[in-house]
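Student: I've got a structure open and I'd like to learn how to read it. Can we go through it together?

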Amino acid sequence: MTSGDYEAPARMVAPARALYVPVILGTVRRGRMSLPVARVVLAELSRRPDIETELIDLAQLPLRVDDAGEATKDAGFSEKMSRSDALVLVSPEYNHGYSGLLKHVLDSCLKEYVHKAVGVVGVSAGPFGGSRGIEDLLPVLRELGLAAIFWDVNFSTVQNAFDESGALRDQAYLPRIGKFLDELVWMATTLRHGREQVAMPQAESPMRCPKCGAEMNHHAKKVLQAVDVADRSSVDPALGGVVEELHSCPACGANASRR
Ligand SMILES: Cc1cc2nc3c(=O)[nH]c(=O)nc-3n(C[C@H](O)[C@H](O)[C@H](O)COP(=O)(O)O)c2cc1C
């Protein structure tokens with residue numbers, strides 16, 4: 001398969017509205033080779049039907065480095081994470097790990113990620129295509145509530161993968177990206193269905209969608225580890241902390257939460 005000849009599988013059901021799958025470029029390094037990689041993945045994603053995507057470049061975010069976690073939340077980034085159905089992370093390998101700045105930004109959100117799909121594209125100058133960083137990233141993604149797919153894309157010796165104009169030299173990457181995106185889209189579609197249609201047990205009283213007024217589906221609870229517990233009424237003694245319920249709207253897809 002080459003770019004441009006993607007065909008949706010015959011039995012794939014078209015979603016009621018496009019899946020929103022942003023690509024996060026996980027480094028701000030000058031001369032970063034992760035940028036042409038992100039552009040290729042973005043281009044392949046953009047040509048698919050029923051997908052809305054964009055590049056989220058860490059270098060363009062108003063990054064705060066005087067605090068950590070949700071205290072550093074940027075409203076624009078949070079809104080995009082909340083709206084997303086899946087994420088593509090372009091993750092360079094730095095000293096056998098992932099980019100610290102990528103983790104710093106991911107840590108700024110929490111409930112926004114729950115029950116969303118994520119796929120990782122590893123990038124390295126060496127021969128392992130960022131796989132060491134990807135393996136280290138997986139438990140982090142799990143803690144954030146993301147569901148990692150079992151396909152990666154690995155750009156090894158990336159300095160040779162593009163020509164001077166930034167065009168991809170090795171076309172063999174395209175079917176690999178295609179397979180990766182097939183899996184990611186399937187997971188995103190399935191998880192969206194789950195968030196909107198499959199209720200968790202022990203649902204509290206129904207929540208109304210703040211956007212369209214429909215009854216929302218309660219799909220998850222998350223115990224918040226680092227919040228002010230001044231409001232004792234929001235502490236669940238059985239779960240040992242402040243619990244946030246996550247709800248998705250089956251009518252318009254909006255997400256909302258309450259404690
Ligand atoms: C601090 C630092 C550490 C790095 N460590 C590794 C490494 O452990 N293995 C490797 O293959 N490449 C390593 N590289 C090279 C990057 O993987 C290479 O620059 C690649 O293009 C991805 O990063 P980039 O998007 O910043 O260019 C390192 C680069 C930097 C800046």
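Predicted model: local features only at pLDDT ≥ 70, side-chain atom pairs only at ≥ 80, totals over all residues.

Student: Okay, is Gly122 buried or exposed?

Tutor: Gly122 is buried, because its relative accessible area is 0%. Gly122 sits in strand E6, which covers residues 116-123. Helices (H or I, at least four residues) and strands (E, at least two) are DSSP runs, numbered from the N terminus.

Student: Which residues does Gly122 touch?

Tutor: A contact means heavy atoms within 4.5 Å. Leaving out residues up to four places away in sequence, Gly122 touches Ser91, Gly129, Gly130, Ile134, Val153, Asn154 and Phe155.

Student: Phe155 has a ring. How do I read aromatic pairs?

Tutor: Rings of Phe, Tyr and Trp (its six-membered ring) pair if their centres lie within 6.5 Å; planes under 30 degrees apart count as stacked, over 60 as edge-to-face and the rest as tilted. The whole structure has two such pairs. In one, Phe155 and Phe162 are stacked, at 6.1 Å centre to centre with 15 degrees between the planes. Phe155 and Tyr173 pair as well: their ring centres are 3.9 Å apart and their planes at 10 degrees, so that pair is stacked.

Student: Why does the pair of Phe155 and Tyr173 tie parts together?

Tutor: Because Phe155 lies in strand E8 (residues 153-155) and Tyr173 in helix H5 (residues 173-197), the pair joins parts that are 18 residues apart in sequence. Both Phe155 and Tyr173 are buried, and Phe162 is buried too, with a relative accessible area of 4%. Phe155, Phe162 and Tyr173 make up one aromatic cluster.

Student: And the whole chain?

Tutor: The chain has five helices and twelve strands. Its radius of gyration, taken over C-alpha atoms, is compared with a globule rule of 2.2 Å times the number of residues to the power 0.38. Here the radius of gyration is 19 Å, close to the 18 Å that the rule gives for 259 residues, so the chain is as compact as a globular protein of that length. Of the 259 residues, 45% count as buried.

Conventions: Residues numbered from 1 in each chain as written. Heavy atoms only, no water. Buried < 20%, exposed > 50% of the residue type's maximum accessible area, 1.4 Å probe, protein only.
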